[in-house]
Amino acid sequence: MSGANRSLVVVLVIILCHSLAWITEGNDASTNNSGGALSSLQLLDDIRDQTLRVETNSDTITRVGNVDVLKFENGGNKDSLDEIAICHLVALFAFTEYRQPSNTVGCYESAAALALAAHHLNTGNGSIVKEVEGLNDRCNIRFTVEFQDSKLEERSAVDTVIRITDRKPVKERLPCGFFGAERSAVSMPTSIITGLRGYPQLSGISTSSDLNDAQQYPLFGRTIPSDDLTAIPLIRHLHEDLGVNHLAVLHTDDSYGNSYALGIQLAAKRIAPNMRIQNVDSPFDITPE
């Protein structure tokens, strides 16, 4: 990932984290200096679609790297720029489980935070992160968002990633990057595909230490420590504070559960070598039962 792309991702993540906290507290900063709640997202969608309809045989829209560049002959867009680059973000969130609406991992709050973060970048709204104030005057990159239901299932999420990255350039909306997924077992196969096809993928929940493999997952990143790191304070607390010498670990039999169980064993080997640990795996299957 280039330095410029990495910087944009870092800025977006900072705004996303602050936005989620802001929304959770019941605040509303989406209309400041913006002309309406999240209005920039709909405006950019309309500009792109209208430009494509009018200029179907021109170079008005071109695909450059992972962004769509829109050119305007008379600076005819809302920001009076000659061209803007649209970075289309696709989020893989689990809006349903067992074909029923679900919010077990806070996907609706995350979706609202992502939309708000993109809107603030588009409009230069610094009400949450002051460094973003006036960014729209200094940078011609704009963000749009799309939300897809991962259903917490590997197969469904993989099919979605393949379908989206198979879209036709310019004619259809290709992504510039992906957010998600929640389960490590879903992030692992999807990030292999996104990495092979040149799209960065960022998760705030997937913690499997297997995802540390930069060769296997070259464009995957996360904003949360891996299981190897979170297991260290757990073992330290159990051993030093509670005096635990025998530990049974009941875990799901998937990439997340197995990775965390291994992380606990590795942490115990370093911190409490005399602690005896017994792992018990439990089959994991997404079913209504």
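## The model at a glance

Keep in mind that this is a predicted model, in which local features need pLDDT of at least 70 and side-chain atom pairs count only at pLDDT 80 or more, while totals for chains, interfaces and linings use all residues. Residues are numbered from 1 along each chain as its sequence is written, and side-chain values use heavy atoms, with hydrogens and water left out.

The protein chain has eight helices and 11 strands. These are DSSP runs numbered from the N terminus, with helices (H or I) of at least four residues and strands (E) of at least two. Of the 289 residues in the protein chain, 47% are buried. Here buried means under 20% relative accessible area, exposed means over 50%, and partly exposed is in between (1.4 Å probe, protein chains only). Take the contacts between residues at least 6 apart in sequence: 61% of them join residues at least 24 apart. A contact means heavy atoms within 4.5 Å.

## H5 against H6

Helix H5 (residues 154–165) packs on helix H6 (residues 184–196) at an angle of about 20 degrees, and their axes are 9 Å apart. That makes H5 roughly parallel to H6. For reference, axes are lines fitted to C-alpha atoms, for helices over the stretch in contact, and angles run from 0 to 180 degrees between N-to-C directions. Angles under 35 degrees count as roughly parallel, over 145 as roughly antiparallel, 65 to 115 as roughly perpendicular and the rest as oblique.

On the H5 side you'll find Glu154, Ala157, Val158, Val161 and Ile162, and they meet Ala185, Val186, Pro189, Thr190, Ile193 and Thr194 in H6. The residues of this contact divide into eight nonpolar, two polar and one charged. In this scheme Ala, Val, Leu, Ile, Met, Phe, Trp, Tyr, Cys and Pro are nonpolar, Asp, Glu, Lys and Arg are charged, and the others, Gly among them, are polar.

## H7 against H8

The next pair is H7 and helix H8 (residues 255–271), which pack at an angle of about 50 degrees with their axes 8 Å apart. H7 and H8 are therefore oblique to each other, and their crossing is right-handed.

The H7 residues in this contact include Asp227, Ile232, Leu234 and Arg236, and the H8 residues include Tyr256, Tyr260, Ile264 and Arg270. By class, the contact of H7 with H8 has 11 nonpolar, four polar and five charged residues.

## Aromatic rings

The structure holds five aromatic pairs. Rings of Phe, Tyr and Trp (its six-membered ring) pair if their centres lie within 6.5 Å, and planes under 30 degrees apart count as stacked, over 60 as edge-to-face and the rest as tilted. Phe95 counts as buried at 14% relative accessibility, whereas Phe147 counts as partly exposed at 32%. Both belong to one aromatic cluster, formed by Phe93, Phe95, Tyr108 and Phe147.

Phe178 and Tyr199 form an edge-to-face pair too, at 6.1 Å centre to centre and 80 degrees between the planes. Phe178 lies in strand E7 (residues 177–179) and Tyr199 in the loop between H6 and strand E8 (201–203), so the pair ties together parts that are 21 residues apart in sequence. Phe178 and Tyr199 are buried.

Ser208 sits in the loop between E8 and E9 and is buried, with a relative accessible area of 0%. Leaving aside neighbours within four places in sequence, Ser208 is in contact with Ser184, Met188, Arg222, Asp227, Ser255 and Ser259.

Pro225 is in the loop between strand E9 (220–222) and helix H7 (227–241), and is partly exposed at 42%. Not counting residues up to four places away in sequence, Pro225 touches Thr207 and Thr230.

Ile277 belongs to strand E11 (residues 276–282) and counts as partly exposed at 22% relative accessibility. Ile277 and Leu247 are 30 residues apart in sequence but 4.8 Å apart in space, C-alpha to C-alpha.

Definitions and conventions. A crossing is left-handed if the near helix is turned anticlockwise from the far one by less than a right angle, and right-handed if clockwise.
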